[in-house]
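Subject: Structure handover and notes

Dear colleague,

I am passing on the structure below, together with some notes for a reader who has not seen it before. Please keep it open while you read.

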Amino acid sequence: MRLFNTNVKSVLLYGAETWRTTKLNLKKLQTFIYHCLRRIIKNHWPDIISNKDLWQKTQQNPIEEEIMRRRWGWLGHTLMKPDSNIAKQALTWNLQGKRKRGRPRNTWRRDLEANVKETGLWWKWNQLVATAQDRSRWRTVTDG
């Protein structure tokens, strides 16, 4: 399991905190991880094990939780940087004009704001920025 976490999972999720996640992408990633975990514990086709039992047996979390944990960590790291930093400026940048036909309306920031609402934190962007400046307070928010 240590080899899986250090070699496979880290390469698979490299840069995942900056992805705009979709249900299809999450499903594909989770399916691949299920396949790998079942091979690690030598669970083959006739034997049936539920996904929740697989998570408990291998002490893994769903991929969506892993990506959200990484995303919150990256966001806090980026928001603690000075205002002149390009990455921090990119978070507040808003593209002007009209999108092309067929282009998804959601952006990374809109996805993040939707995830904030799902977690029950009804915070505005300015409140997130202010909270991120205090490292201990940010950890209590993200760990909860």
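Predicted model: local features only at pLDDT ≥ 70, side-chain atom pairs only at ≥ 80, totals over all residues.

Residues are numbered from 1 along each chain as its sequence is written, and side-chain values use heavy atoms, with hydrogens and water left out.

Salt bridges

A search of the whole structure finds 3 salt bridges (a side-chain nitrogen of Lys or Arg within 4 Å of a carboxyl oxygen of Asp or Glu). In one of them Glu66 pairs with Arg69, with the closest N and O atoms 2.6 Å apart, and both residues lie in helix H4, 3 residues apart, about one turn of the helix (helices are DSSP runs of H or I with at least four residues, numbered from the N terminus). Glu66 also forms a salt bridge with Arg70, where the closest N and O atoms are 3.3 Å apart, and these two are 4 residues apart in helix H4. Glu66 is buried at 10% relative accessibility, whereas Arg69 is exposed at 53% and Arg70 is partly exposed at 23% (buried means under 20% relative accessible area, exposed over 50%, and partly exposed in between, with a 1.4 Å probe and protein chains only).

A salt bridge also joins the side chains of Lys88 and Asp83, at 3.0 Å from N to O. Through shared partners, salt bridges join Glu66, Arg69 and Arg70 into one network.

Lys88

Helix H7

In helix H7, which spans residues 125-132, the buried residues are Trp125, Leu128, Thr131 and Ala132. Seen down the axis of H7, these buried residues fall within an arc of 125 degrees, so they line one face of the helix (the arc is that of the directions from the helix axis to the C-beta atoms). The buried residues of H7 pack against helix H4 (63-79), helix H5 (86-92), helix H6 (108-118) and helix H8 (135-143).

Notes:
Contact = heavy atoms within 4.5 Å.
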